[in-house]
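Please walk me through this protein step by step, in plain terms.

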Amino acid sequence: MYDINQKTIFVLDHTQYFSISSEDYIPLDFLKGKATNPSEPSVPSGSQPGLQFSKSLWTSSVESSIEYCRIVWDLFPRGKLIRFIVSDTAAHIVNTWKFATQNMSHVLNAMALVGVPQRNTPQSSDYSVIHGLRAAIEALAEPTEHQINLIQAQELSANNEKIPNKGRVICITSARDNPSMKSLEDIFHNVLVQQNTLALAQKKLLTIDHCHLVIINMVPMNIESLVTNRHKMELSPCLSTEIHTTCAPDISNKLTHLIMSHYDLASTTVTGIPMKEEQNANSSANYDVEILHARNAHTAICGNEALLPTSIKEGAEYETVTLKWCTPRGCGASDMSACPPCLAQHRVTPVDVTSRPSSCLINFLLNGRSVLLEMPRKTGGKTTSHLLSARGGEIFIHALQITRSCLEDPPSISEGPGGRITDYRIPDFAALIKSHRLLPLKTKTKPEENLQFARERLYNRSLYFPLTMTTTIVFNLQRSLPWLPNFLRKIAKDDMDKTDEMQCQQNIYELYTAASTRRELLPFTNMSANRLKGHKKVDQYKLFCAELEVLIKSCAKTPHHKAILESIQNVRAACGDAAIKSELDGTRDAVGKSIIRATTDSPLSPPHSMDTSSAGSSHLLKAAKRNFANVGRSLFDIVTSAERSQSSKRPDFSGRLCTPVGQVAKLYPEFGLKEAEGSAAATPVKDENLPIKLEVPGIRT
């Protein structure tokens, strides 16, 4: 695989602006000494007022970029190539892709010949960093020694496979504002496109697949810049850019932060290093040394307690892992016999190579000693996690095994004398192996597709497979819940049909009624019950549904599986699981219809049995559908309110049921019949009764 960090080019701005001071003044200290002239007083000790100096912007940029190279070449002696281009009135090439020029001596000698930009040079439009950016694109198109070997091998084998070619350009310059930076990016992109077009017509050049442009805008100290920082952004398929603004004293920390992401590095600070004082040899003090190495030295450590302590050093933008110095030992076989097994080893290099603590640590390790590094455990105490040692003049950090090693004697599975684990799921694992056995095909049609299908199926089935019975709930309940084994077989089918889905939905409905209506405890065995003794009924169902959800997600992605997954998620929401409840808020309306149908239909019901249900069922479904529109309520609240409204509804008015459609029902049809019969022969009297307005809710007059 060809990474983008195989080629890196530094473009250094050598215009007149970089000859100014960085405004970071360093005071000068003098030791006591005799004056050359007896009449002159001796020079006292201490700092003299006014005696100070500051580096130029050019010196700061050169020092920081060369330090970047030192770290890369220390950690990657071969394969990671870096070139330098100086830009003023033209582009000056400092080194090439040849391995002979990839060293510190060659670059430092060339930079000494270039020198600091002349401040008294007249201003001219010929001074520009664009010359260097053009030369950087041309240098990216040039093949390296490794790429030349690939081209020659292709010519011999008549292979037309494209040779990958990627790279990174780091430009240290100074711009006025954001439009100036945008103009610089546009020019770089146009030249990159032109170079790729030119490379297609020439065999000696390679097209640039992708280029990462990093622009560092450097200004003197205490000067505010109008250029804003911007994270990595894709301008086109072949170009991505990012912009950083920093003052001259902080450019070294900025490049150290960038190199960690460019080469996937990590920082470790070794604390508590005992070291004798330079002034007083009889006393000692503890010092800290920061080292850089590949990130895999941290990520290779496995185990639940591998929580490495991190901190951010003052003035830095990245985290460093803090490990404590332990008692040193030799590097012989007898000294290393008690060490844990090594998981990974990587080269290390100090961040500040010129400091006295770094120099002492390097010399100590190069003299044949090794140092164990300790990290604190989360549960208390310490554990040995890393080892520093030197071999062949290079220093390595070793990531040690801090958990149980595979080289130890495995615990007994069947008997368990002295073993720590005795409840492995051996029958389930044997069943998993039998269901994924590979058999020879009678015909040789599409063998690669069949093999790829077998790999994907085994990968999906092994995404979640608890090794022991104490780490699973679902597989503990297979013998206790009659429907669970059949449910697990159904969801494991790659070709699940509608009948299987309806049976699974019926099983989910049984689970829901047991959790919400009957409120039964899950029928755990004694071992599992003790493990979940402190959990409530609802919490048990939450864990059970969460594990079922993981199992369904690992199965085939058919529409039937997705419908079952949504049903399980709704049951989790009904049990009060807040994590899944928020995910279901946006899809509550669509899921409600499938859940209601799954809970009212039998597995063998016709597809439209919901439309011919009874009057009571239709009222319940209508109420449930209205409630599903309210996305802020859980499934349990919706079903409970629907059942409550159905049971509390009053019987309908009998007069309305007996009255034909279109007529008004009488409230008291027999009221006044007896009085009318007794006074049939009497003289009619004027009715002076006032009309009574009935305001009984739910009754029409």
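A cavity is a set of grid points where a 1.4 Å probe fits but cannot get out, and its lining residues are those with an atom within 4 Å of such a point. The model shown here is predicted. A search of the whole structure gives 2 cavities of 30 Å³ or more.

The largest cavity holds about 50 Å³ of space. Its lining consists of Ser64, Glu67, Tyr68, Ile71, Ser252, Leu255, Thr256 and Ile259. Helix H1 (57-75) and helix H6 (251-262) are the elements that give two or more residues to this lining. Sorted by class, the lining has 4 nonpolar, 3 polar and 1 charged residues.

The second largest cavity has a volume of about 30 Å³. Around this cavity stand Ile130, Leu133, Arg134, Ile137, Leu184, Ile187, Phe188 and Val191. At least two lining residues come from each of helix H3 (130-141) and helix H5 (178-199). Here the classes are 7 nonpolar, no polar and 1 charged.

The next topic is the strands. Strands of a sheet pair through backbone hydrogen bonds, either parallel or antiparallel. In this model, 7 strands form an open sheet with mixed pairing, in the order E5-E4-E1-E6-E7-E9-E8. Strand E5 (91-93) and strand E8 (230-236) are the edge strands, each pairing on one side only. On average, neighbouring strands of this sheet are turned by 20° against each other, direction ignored.

Strand E7 (residues 210-219) and strand E9 (residues 239-247) run parallel and are joined by 9 bridges. Val219 has Cys247 in E9 as its bridge partner. Helix H6 packs on the sheet and touches E6, E7 and E9, and its direction makes about 165° with that of E7. Helix H1 lies across strand E1 (7-13), strand E4 (81-87), strand E6 (166-173) and E7, and runs at about 170° to E4. H1 and H6, which pack on these strands, are also the helices named above for the lining of the largest cavity.

Is Glu185 buried or exposed? A residue counts as buried when its relative accessible area is under 20%. Glu185 has 1% relative accessibility, and therefore it is buried. Leaving aside neighbours within four places in sequence, Glu185 is in contact with Ile215, Arg230, Leu235, Thr241 and Ile243.

Which way do strand E10 and strand E13 run relative to each other? Strand E10 (residues 265-276) and strand E13 (residues 319-325) run parallel, with 4 bridges between them. In this pair, Thr268 stands opposite Val321 in E13. Strand E12 (residues 310-312) runs antiparallel to E13, and 3 bridges join the two. Ser311 stands opposite Thr320 in E13. E12 and E13 form a hairpin with 6 residues between the strands, where Gly315 takes a positive phi near 85°. E13 is also joined by 2 bridges to strand E17 (residues 369-376), and these two run antiparallel. There, Trp325 stands opposite Leu373 in E17.

Key
Residues are numbered from 1 along each chain as its sequence is written. This is a predicted model: local features need pLDDT of at least 70, side-chain atom pairs count only at pLDDT 80 or more; totals for chains, interfaces and linings use all residues. Side-chain values use heavy atoms; hydrogens and water are left out. On a 1 Å grid over the protein atoms alone, a cavity is a set of points where a 1.4 Å probe fits but cannot get out, and a pocket is an open set with protein on both sides within 12 Å along at least five of seven lines; lining residues have an atom within 4 Å of a point. Grid points are joined across faces, edges and corners, and a volume is the space filled by probe spheres set on the points. Ala, Val, Leu, Ile, Met, Phe, Trp, Tyr, Cys and Pro count as nonpolar, Asp, Glu, Lys and Arg as charged, and the others, Gly among them, as polar. Two strands pair if DSSP finds at least two bridges between them. Axes are lines fitted to C-alpha atoms, for helices over the stretch in contact, and angles run from 0 to 180 degrees between N-to-C directions. Contact means heavy atoms within 4.5 Å. Buried means under 20% relative accessible area, exposed over 50%, partly exposed in between (1.4 Å probe, protein chains only).
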